[in-house]
Amino acid sequence: MISDTLFIQFKDLFYSLSGIALKDYKKYLVEYRLQKFIGEGKQFAGYKDLYDALVSGYDSELRREFVDALTTNYTYFFREPEHFAFLAYYLKQYAPRQEYLRFWSAACSTGEEPYSIAIMVKKHLPSAFSNVKILATDISDKVLSIAQRREYSLEKIQKTMSHDTVKKYFKRAKNEALAKVSQEISDMVVFKKLNLMDPYPFTKQFDIVFLRNVLIYFENSEKEYIINKIASTLKPGGYLVVGLAESLVGVRHNLKQLKYSIYRKEP
Ligand SMILES: C[S@@+](CC[C@H](N)C(=O)[O-])C[C@H]1O[C@@H](n2cnc3c(N)ncnc32)[C@H](O)[C@@H]1O
């Protein structure tokens, strides 16, 4: 647990490192976002130890990771691998029987999530199946333009992808430290600006909607509104995937809960 004093100290430190004031951030959100550093087998035993290490200023990599973790656009390739294992299963098991395939990355941030989905499609779907698209939306123009540039730090992507995957689905960028998502992968992805609270202008239903690590920004009533709207965009038997640490407790919906924060619409 973070004490009120420590909460303010973290916010001040974050402001001095990033220039971003976490005005509406609640304490639980800071706790949630920093929990990857804390606990058994992690870098620090408690939040105070993390804070002390950050202010000691010796570890600039730790400071960078801290800023990343508290930034709302935080994401990376193949985040929460359980969901990509599920996608692989779906692609092998169900996809070949579908007339068309549509996946939606509903808060896509800088593009790592939709490109990870596209890589899985390329890896696991029989190549004869061509009617497949991934829609990637976000409320922020800034992240969408980064996503469409499709260039990522080579050092970072190598942390969550095998050498083979990087070699196969990325090209060298002009800047040696970056890698660019290949054309065949990016051709599957369509980026659009969309606020999840606005009407959804879709004509085709989705197989799987990835609504991950965005629900924590909404009140329960807003979550309910969004979840039910998304449920209506799913194919019968389609799936909704939320972040592993997110919960739909207290949210009324008609989806069936499965493992790993995955929900299914009645077939
Ligand atoms: C932490 S990122 C999640 C990225 C990715 N889904 C993941 O799990 O790694 C949250 C994203 O939600 C977007 N977002 C926040 N509020 C939104 C809204 N009302 N409609 C659409 N996107 C929103 C932010 O711009 C941000 O890019």
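Trainee: Why is Glu-184 called partly exposed, rather than buried or exposed?
Mentor: Buried means under 20% relative accessible area, exposed means over 50%, and partly exposed is in between, with a 1.4 Å probe and protein chains only. Glu-184 has a relative accessible area of 39%, so it is partly exposed. Bear in mind that this is a predicted model, in which local features need pLDDT of at least 70 and side-chain atom pairs count only at pLDDT 80 or more, while totals for chains, interfaces and linings use all residues. Residues are numbered from 1 along each chain as its sequence is written, and side-chain values use heavy atoms, with hydrogens and water left out.

Trainee: What makes the contact between Lys-122 and Glu-184 a salt bridge?
Mentor: A salt bridge is a side-chain nitrogen of Lys or Arg within 4 Å of a carboxyl oxygen of Asp or Glu. The N to O distance for Lys-122 and Glu-184 is 3.7 Å, so the pair meets that rule. The pair links distant parts of the chain, since Lys-122 is in helix H6 (residues 112-124) and Glu-184 in helix H10 (residues 183-186), 62 residues apart. Helices here are DSSP runs of H or I with at least four residues, strands are runs of E with at least two, and both are numbered from the N terminus.

Trainee: How many salt bridges does this rule give, and which residues are linked in a network?
Mentor: The count comes to eight, and Glu-80, Glu-113 and Arg-212 are linked in a network of salt bridges. Another bridge joins Asp-4 to Lys-27, with the closest N and O atoms 3.0 Å apart. Of these two residues, Asp-4 is exposed, because its relative accessible area is 52%, whereas Lys-27, at 23%, is partly exposed.

Trainee: How do you know that Glu-246 is buried, and what is its nearest side chain of opposite charge?
Mentor: Glu-246 has 7% relative accessibility, which is under the 20% limit, and therefore counts as buried.

Trainee: What does the side chain of Glu-246 reach instead?
Mentor: The side chain of Glu-246 reaches the backbone nitrogen of Asn-213 at 2.9 Å and that of Leu-215 at 2.9 Å, while the backbone nitrogen of Val-214 lies 3.1 Å from one of its polar atoms. A polar contact is a pair of N or O atoms within 3.5 Å; within protein, one must be able to donate a hydrogen and the other to accept it, and residues adjacent in sequence count only if both atoms are side-chain atoms.
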